[in-house]
Amino acid sequence: MQQLVFATNNRHKIEEVLAKIGHQFTILSLDDIGCTDDIEETGTTFAANASIKSHFIYSKYQLSCFGDDSGLEIDALNGEPGVYSARYAGKHGDHEANMDKVLTLLNGQTNRKACFKTVISLVLDGKEHFFEGTVEGTIRNQRSGSQGFGYDPIFQPDGYTITFAEMTMQQKNAISHRARAVEKMVEFLKAGGN
Ligand code: IMP
């Protein structure tokens, strides 16, 4: 069975990939390969950050590997928070402060359009391949729901009347940016990875 390293220790992301990838591949986390390095996301695009992670692992361990990077892009904020989504209000991973900042900046704004984006960089036998997934939607005026993480309580995907945070994990995983990018990579791998 072919082994692939997923350059993350986020169990939620690993479970999501395992659910889609079937039994054709063994997925290893950074912990599984004994990698304790803090891989810094210094890129200014999702693709650059995803690429930093996959290349770091490939050059250090010579193992086929993929890395991902995601975030929220808001029309009226010229694409912000983008690659700064996790630390938009200053502190990494302070989701409440990040949402407060977005809601304040969009106060009175009628254009509420936004999208979540994920880019995956897969380095397979030394060659890089990119896969992108997006989900379009709007930013609500206030939070709603308690599921999920990050900006989920204020993001309503197009075609729905509820936010990501009001969806079950299965509902969100069926349409999310991450799921779409993963599906594209899985299709590519199942077709032989060429
Ligand atoms: P990551 O690159 O997937 O770790 O995502 C970076 C940041 O983007 C997260 O810390 C969140 O703020 C935001 N983000 C990414 N995906 C989602 C999502 O599915 N829901 C809500 N926020 C997300």
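Helices and strands here are DSSP runs, numbered from the N terminus; a helix has at least four residues and a strand at least two. The model is predicted.

**Stop 1: the largest pocket**

Select Lys-13, Glu-41, Lys-53, Ala-86 and His-92. Among the 37 residues that line the largest pocket, these lie nearest its centre. The space in this pocket is about 900 Å³.

What kinds of residue make up the lining of the largest pocket? Ten are nonpolar, 14 are polar and 13 are charged.

**Stop 2: the elements around the pocket**

Now colour helix 1 (11–21), strand 3 (65–74), helix 3 (95–105) and helix 5 (177–190); each of them supplies at least two residues of the lining. Which element gives the most to the lining of the largest pocket? Strand 3 does, with five residues.

**Stop 3: helix 1 and helix 5**

Two packed helices are described by the angle and the distance between their axes. Hide everything but helix 1 and helix 5. Their axes come within 10 Å and cross at roughly 45 degrees, which means that helix 1 is oblique to helix 5. The crossing of helix 1 past helix 5 is right-handed.

To see the contact, show these side chains:

- from helix 1: His-12, Lys-13, Glu-16, Val-17, Lys-20 and Ile-21
- from helix 5: Arg-178, Ala-179, Val-182, Glu-183, Val-186, Leu-189 and Lys-190

Colour the residues of this contact by type: six are nonpolar, one is polar and six are charged. Lys-13 belongs to this contact and was also selected at the pocket.

Conventions:
Residues are numbered from 1 along each chain as its sequence is written. This is a predicted model: local features need pLDDT of at least 70, side-chain atom pairs count only at pLDDT 80 or more; totals for chains, interfaces and linings use all residues. Side-chain values use heavy atoms; hydrogens and water are left out. On a 1 Å grid over the protein atoms alone, a cavity is a set of points where a 1.4 Å probe fits but cannot get out, and a pocket is an open set with protein on both sides within 12 Å along at least five of seven lines; lining residues have an atom within 4 Å of a point. Grid points are joined across faces, edges and corners, and a volume is the space filled by probe spheres set on the points. Ala, Val, Leu, Ile, Met, Phe, Trp, Tyr, Cys and Pro count as nonpolar, Asp, Glu, Lys and Arg as charged, and the others, Gly among them, as polar. Axes are lines fitted to C-alpha atoms, for helices over the stretch in contact, and angles run from 0 to 180 degrees between N-to-C directions. Angles under 35 degrees count as roughly parallel, over 145 as roughly antiparallel, 65 to 115 as roughly perpendicular and the rest as oblique. A crossing is left-handed if the near helix is turned anticlockwise from the far one by less than a right angle, and right-handed if clockwise. Contact means heavy atoms within 4.5 Å.
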